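Subject: Structure handover and notes

Dear colleague,

I am passing on the structure below, followed by some notes on what was found in it. Please read them alongside the model itself.

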Amino acid sequence: MQKSIIYKLLIFFVTLQSFSCYSQVLRKRTTLLMGGRFDISIVAKDSLSAEQNINEVIAEITRIENLISDWKPDSQVSEVNQNAGVKPIKVDREVFELAQRAIKLSKITNGGFDVSFAAMDRIWKFDGSMTEMPSAEAIKKSVEKVGYKNIILDSTASTIFLKLKGMKIGFGALGEGYATDKCRAMMIQKGIEAGIINGSGDMSTWGKQPNGNDWKIGITNPFKPEKILAAIPLKDGAITTSGSYEKFVVFNGKRYSHIINPATGYPATGLCSVTVVGPNAETANGLSTSMMVLGQTEGLLLLQKFPQYSCVMITDKGKVVKSKNFAYKL
C-alpha cells in the first residue's frame with residue numbers, strides 16, 4: 001500500500017518575496033526526507049529567523065525518520081520488524097502511540113488500511129513489465145504475513161510485538177503526515193505565526209501569507225491537468241491527496257491501481273484520486289489512502305465517522321464526487 005506523490009494534483013500557490021508593509025518574509029526550502037520530497041515554507045520577521053526555523057523543521061523530521069523508518073536498519077521500527085515472531089521490542093512513547101493510531105485506523109477500515117502492509121510481496125509491477133495478471137494463488141500468498149490483528153501492543157511496557165515471523169510494520173506516508181503535523185505544532189509553540197510543511201503532498205498549514213491572505217492549495221483533475229478543480233483556502237488545517245493515475249496497469253479493459261488492498265492483495269480500482277481536507281495531515285492521509293482502497297461508496301461511509309474531514313474524489317472515468325460536507329467551490 002503506497003501513497004502516490006502527486007504534485008500535479010497539489011499546486012502550491014506561494015509567492016517567495018518579502019512584504020515590507022507587513023514586516024514579514026516568506027522563505028521556502030525543498031529537501032529530500034523520509035524517502036520523499038519535503039517543501040518547507042516559513043513566515044518570519046526576517047530571512048535569518050525563517051531559515052533557522054526551516055533548519056529546525058528539517059532536524060525534527062530527520063529525528064522522526066530515524067525513529068519510524070522501516071528501511072533504516074537501526075530505527076526502532078526496524079528493530080520491531082527484525083524481532084517479529086521472537087520478542088516484544090520497547091519503543092519510544094511517540095512511536096507506540098503512532099502504532100496505536102495506525103492499528104485503530106486498520107480496525108476502522110477492516111484492513112483496507114493495514115499498518116503491517118510492509119510485509120507484502122511486491123508481485124504487481126507498474127513499470128511496464130507486466131504482461132498478465134498474477135495468479136490468484138500468488139496474490140493470496142503475497143499477503144500471508146499481513147494482518148494488524150497479529151500485532152500485540154503493551155501500553156505499560158511500551159512494547160510492540162509482531163506474532164508471526166516475517167511480519168513487518170511500516171507507517172509509510174502516514175508517517176509523513178505525522179511529521180508535518182509535529183513540525184507545525186513545534187513552530188506554533190515557538191511563536192512562528194505562519195507556514196506550510198508539505199511532505200510529498202501531505203500538507204500541514206497554519207496562519208496566513210505575509211499579505212494577509214489564506215494559503216491556497218489548488219487541486220487539478222488528472223484528466224484535465226490544465227484546469228484547476230478547486231483552489232482551497234487553508235489557514236489552520238491540512239490537505240492530502242492519494243492517487244494512482246501515474247502508476248497503473250490495464251488488463252481486459254480494467255484499470256488496476258498501484259495502491260494495493262492489503263487485505264486481499266489486489267490493486268485498488270474505481271478511483272483515480274482522493275483529496276481529504278481536515279485538521280491534521282496524519283489522519284487526512286490515512287483516510288485518503290484508505291478511501292482509495294475501499295472505493296467510492298465505502299470510502300464516503302468511512303469519512304462520515306470523521307466529521308471534521310471532507311473530501312473530493314475523482315473516479316477512473318473522470319467523474320468528480322465530493323462528500324456532503326465539502327465546503328469548497330468546484
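Two strands are said to pair if DSSP finds at least two bridges between them, while strands themselves (E, at least two residues) and helices (H or I, at least four residues) are DSSP runs, numbered from the N terminus. This is a predicted model, in which local features need pLDDT of at least 70 and side-chain atom pairs count only at pLDDT 80 or more, whereas totals for chains, interfaces and linings use all residues. Residues are numbered from 1 along each chain as its sequence is written, and side-chain values use heavy atoms, with hydrogens and water left out.

With that in place, β6 pairs with strand β7 (residues 159–162) in the antiparallel sense over 4 bridges, and aspartate 154 has threonine 159 in β7 as its bridge partner. The two strands form a hairpin with 4 residues between them, and serine 158 in the turn has a positive phi of about 55°. They belong to an open sheet of 3 strands, with antiparallel pairing and the order β5-β7-β6; its edge strands, β5 (89–90) and β6 (151–154), each pair on one side only.

Elsewhere, glycine 36 lies in strand β4 (residues 36–44), and it counts as buried because its relative accessibility is 5% (buried means under 20% relative accessible area, exposed over 50%, partly exposed in between, with a 1.4 Å probe and protein chains only). The C-alpha atoms of glycine 36 and serine 200 are separated by 5.9 Å, although these residues are 164 residues apart along the chain.

Best regards
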